[in-house]
Amino acid sequence: MKFTSALSSFSLVLLLTLTTSNALLTSIKEATIDEIQLAFKQNQLTSRQLVEYYISEINRLNPILNAVIEVNPDAIYQADRADYERARAKTRRGSMLGGLHGIPVLIKDTIGTKDKLNTSAGSFALLGSVVARDAGVVAKLRQGGAIILGKASLSEWAAFRSLNAPNGFSPRGGQGKNPYVLSADPCGSSSGSAISVAANLIAVSIGTETDGSILCPSHANSAVGIKPTVGLTSRAGVVPVSPRQDTIGPICRTVADAVHVLDAIAGFDEFDPATREASKYIPYGGYKQFLKANGLKGKRIGVVRNPFLSSVGEYERQAFESHVRILRQGGATVFDKLEISNIETISNATRSGEAVALLAEFKVSVNAYLKQLVVSPVRTLADVIAFNQKFSDSEMNDELGQEIFLAAEGTNGIGSLEKAAMANLEQLTKDGFQKLMWDHELDALVTHGPGISAVLAIGGFPGINVPAGYDEKGVPFGINFGGLKGTEQKLIQIAYGFEQLTKIRKPPTFIA
Ligand SMILES: *[C@@H]1O[C@H](CO)[C@@H](O)[C@H](O)[C@H]1NC(C)=O
Ligand SMILES: *[C@@H]1O[C@H](CO)[C@@H](O)[C@H](O)[C@H]1NC(C)=O
């Protein structure tokens, strides 16, 4: 496996040395962070060339894909500065560049940046709002040397406005498209983050998840998405849904890229108290040490089929069975035919209590977010609802209501109803996922697709999606590995081991 990646780095460099711009462009396409860093190091590529390449690809493909809402007008300047810093570091012994130095990143439009970019959650209501400071993860990205190339599109307000809005749609971003099959669902809500890495509009991206919003678009767009343990990455400065469930994570083309990004963004942030507790999970030396090709060896993995395979085609079913065999071949001990108790209840947000909890949490936390903005045309959820009503032609198509907003506005803090709902969610987690993991001493549960997201969401647990195949029509699907809190290092070993044995991802072909 090592040899293969060395070989592809070599061909990247070889192509770059031809210096014709066509060869340069072909080789940047699909390039990993490691390959880009090597090309930087060997003076075969500059950050400026990389940024210019991605901007030209965004100009070419975004009219079809609607994956990007805004491009940072300062990105070229930041790239020049990165190139200058790299050149200077070479002449100074011991000077260290961050792990993402000179690497362009797209971030979901809910993640605040203190620069020329707007942070609007895809909504015109937030246009012109000014954040107090960079979001915690953005500050860490910049510390790591990354260039914030722009804002990725999304399902508006992280899919927490309307029950009828299609996945990947926002008034500011338009309808995001699946680059594999343009008519296929891109899923959401971090749709633009997944579409843009899939279609090579960017090196790596960041998404957010409350329930499924990283795992599902990663699954639908053949990407690797890491949904970290709640609190492992800071939520400060991000348009919220629920402090109990929200988490921020990478969406990339490979497990290694996602891990490099996770290393950059995980950790303590004074503006998100949950990071104090969760940062104890971060291993000394970070997560990249767990990118080992034999990562499946000795792992205990539980297989849950029901109900995740019940509604999918024969093609996905067979792929899943073959992947379970690959886990065994890779040296994992597989515990087959496991069931998560009360899975039907957990999968129904109304029955589990998740919906009750999220509605009240959303109102409280989005009001707090709007209040602390330096400048904003809207200061409360009620203002946003009024804005949507007033500008119903641009902001709301007739079919696009704001039922979730209205239901949230009708709540009144975390009362006895909400507390009971949260207690129920905790009990469902204890009796379900946690019990199964403990009973069999599992390192991970594996499932088809992102159906497990509710289980992971209500417990604050981590999960990783890895590309697992394409159906008869060419629509991608993924495989998910979920684990207990703070077990990212095991999930990374498993996901990387699986990816290295399968290498399923291929670039999209834009089937009409
Ligand atoms: C932010 O929004 C304002 C107002 O619409 C717009 O003029 C500006 O170009 C936007 N910024 C970027 C970087 O697109
Ligand atoms: C979820 O549960 C509610 C309340 O029990 C029920 O009315 C609804 O039909 C369920 N939804 C689905 C998709 O099963």
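I take a disulfide to be a pair of cysteine sulfur atoms within 2.5 Å.

**Setting up.** I am working on a predicted model, in which local features need pLDDT of at least 70 and side-chain atom pairs count only at pLDDT 80 or more, whereas totals for chains, interfaces and linings use all residues. Residues are numbered from 1 along each chain as its sequence is written, chains are lettered from A and ligands numbered from 1 in the order in which they are written, and side-chain values use heavy atoms, with hydrogens and water left out.

**Disulfide.** I searched the whole structure and found one disulfide, which Cys187 and Cys216 form with their sulfur atoms 2.0 Å apart. I then looked up the handedness of the link of Cys187 and Cys216, and it is right-handed, with 100 degrees about the S-S bond. The pair links distant parts of the chain, 29 residues apart, with Cys187 in the loop between β5 (174–175) and α8 (191–198) and Cys216 in helix α9 (residues 215–220); here helices (H or I, at least four residues) and strands (E, at least two) are DSSP runs, numbered from the N terminus.

**Backbone.** I noted a cis peptide bond from Gly188 to Ser189, with omega near 5 degrees, and Ser189 has its place in the loop between β5 and α8. A cis peptide bond also joins Asn306 and Pro307, with omega about 0 degrees, and Pro307 is in the loop between β9 (300–304) and α12 (314–329). Asn43 is not a glycine, yet I read a positive phi of about 55 degrees for it; Asn43 is found in the loop between α3 (33–41) and α4 (47–65).

**Ligand 1.** Which residues surround ligand 1? I list Glu70, Val71, Pro73, Lys116, Asn118 and Leu127, where a residue is near if one of its heavy atoms lies within 4 Å. This shell divides into three nonpolar, one polar and two charged residues, with Ala, Val, Leu, Ile, Met, Phe, Trp, Tyr, Cys and Pro counted as nonpolar, Asp, Glu, Lys and Arg as charged, and the others, Gly among them, as polar. For polar contacts (pairs of N or O atoms within 3.5 Å), I found an oxygen atom of ligand 1 at 2.3 Å from an N or O atom in the side chain of Asn118, an oxygen atom at 3.3 Å from an N or O atom in the side chain of Glu70, and a nitrogen atom at 3.4 Å from a polar backbone atom of Lys116. The protein covers 50% of the 360 Å² of accessible area (Shrake-Rupley method, 1.4 Å probe) that ligand 1 has on its own.

**Cavity.** I counted one cavity of 30 Å³ or more, a cavity being a set of points on a 1 Å grid over the protein atoms alone where a 1.4 Å probe fits but cannot get out. The largest cavity has a volume of about 50 Å³, and its lining, of residues with an atom within 4 Å of a point, includes Ala158, Pro240 and Asp246. The elements that give two or more residues to this lining are β6 (204–209) and β8 (247–252).

Conventions:
1 Å grid on protein atoms, 1.4 Å probe; cavity = no way out; pocket = protein on both sides within 12 Å on 5 of 7 lines; lining within 4 Å. Points joined across faces, edges and corners; volume = space filled by probe spheres on them. Polar contact = N/O pair within 3.5 Å; in protein donor to acceptor, adjacent residues only side chain to side chain.
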